[in-house]
Amino acid sequence: MLIYLRIIKESFNFAINALKNNKLRTFLSLVGVTIGIFSIIAVLAAVDSLKKEIEGSISSLDNSTIFLGRFSFGPTEVPRWKWEQFPDVTYEEYQFVKRSVPDVMAASYTLNVPSETIKYEDNSVSNVEIGAVTDEYYEIESLQIANGRFYNESESNSGSHVIVLGDEIAQTLFGSGEAAIGKKIRLYGRKFTVIGVLKKEGSGLFGGSKDTSVFLPVNVIRRIYGDSNKNLFPFIIIKPEQGVDNAEFIAMLKQKMRVHRGLKPDEIDTFFVNQLQGFADFIDNITGQMNIIGLVISGFSLLVGGFGIANIMFVSVKERTNIIGIQKSMGAKNRFILLQFLFEAIILAVIGGLIGLVLVFFGSLIASSFSGDFQFVLSPWNMFIGTAISAAIGLISGILPAISASRLDPVEAIRTGM
């Protein structure tokens, strides 16, 4: 064990001497490794950060949550021209699902409507995201109320002119969420009474924060836009009971909807059942592909860095031929010489990798400071991967020079060195 520690110590000293004595040559050789590791870890960190942001944006929803509508969240075998002709899910179908499908914990009918401007006296907020939903959406989304309350079933069914504001909307219009309760704001040319304000959430990468959103009963929007407007993209969001087998639940839901729509056995479904878990798997697949593409591109930089390490090690072997001959004449075994140069190559590569990691670390800090609430994450696992890849590059690049050094004849080596 002690001999290996001595080899590592001597290899480290040789590597440091190589850096000191041949600064330009060593620098140019390490540039490839540094850039390669920087590229790989930057890609991994960016993809991990993006994935974390997306998962965070849907974290308030249970993975078993189901979205029933005429659109698919992922790839589908149904041709585009065909699913574009599917009918929208209706409010009546939402009521049918609540009434007829067993094991439904909560269900909400939602309409995706364009952003609007909200006014209160002389204050106004533009591009406000409108959440037109029924009352059970509060339970499905696990919304957090800071002041007031969410609207109830009676207010939802009757389409009462009540509204729940996001934190940023309340702050802009009233100065505080508490002051907003009971005030009347104008939206769609109508007055709405503020009954609740959501807790501050913080902005996301895609601007999906509820701080800039408002929620109001969907039946208000139905009266304004009508039920035949093809630009509203309605969905029925369903949360099954805890412990229910999702596959069986989805099969039952499809069967009920097919019967309700009068579809024949040989006809395809005219709706899509999108499960949030499926969407999460789709995101994992996309981020996995992004990782692979980034790794392949970054691999070319590492290839250049590997050749650089191999080059400097061959030069190092030539410069130290005399020393190798003396070591072997004094009894040093081939394995000792092999490991000495192999460790030296690994140490040089790891130094380049560590420089790359440092660059990624500071790059992530700078990027995070310019991207608001979106944070770039350099995880310990990614740092370990960077170090491991650096060591692997050193091992692969140094194996041939190390073998050539270990096979030198001691007499010839001393004579050549002289």
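**View 1. Val162 in strand E6.** Val162 belongs to strand E6 (residues 162-165); helices (H or I, at least four residues) and strands (E, at least two) are DSSP runs, numbered from the N terminus. The model is a predicted one, in which local features need pLDDT of at least 70, side-chain atom pairs count only at pLDDT 80 or more, and totals for chains, interfaces and linings use all residues. Residues are numbered from 1 along each chain as its sequence is written, and side-chain values use heavy atoms, with hydrogens and water left out. With a relative accessible area of 8%, Val162 is buried (under 20% relative accessible area, with a 1.4 Å probe and protein chains only). Phe192 is 30 residues from Val162 in sequence, yet their C-alpha atoms are 5.1 Å apart in space.

View 2. The buried residues of H7 (residues 167-174) are Asp167, Ile169, Ala170, Leu173 and Phe174. They lie on the same side of H7 because they cover an arc of only 160° around the axis, the arc being that of the directions from the helix axis to the C-beta atoms. Gly175 follows H7 and has a positive phi, near 90°.

View 3. In H12 (residues 321-329), Thr321, Ile324, Gly325, Gln327 and Lys328 are buried. Their arc around the axis is only 165°, which puts them on the same side of H12. An α-helix has 3.6 residues a turn, so residues three or four places apart point the same way. Just after H12, Gly331 adopts a positive phi of about 105°.

Definitions and conventions. Buried means under 20% relative accessible area, exposed over 50%, partly exposed in between (1.4 Å probe, protein chains only).
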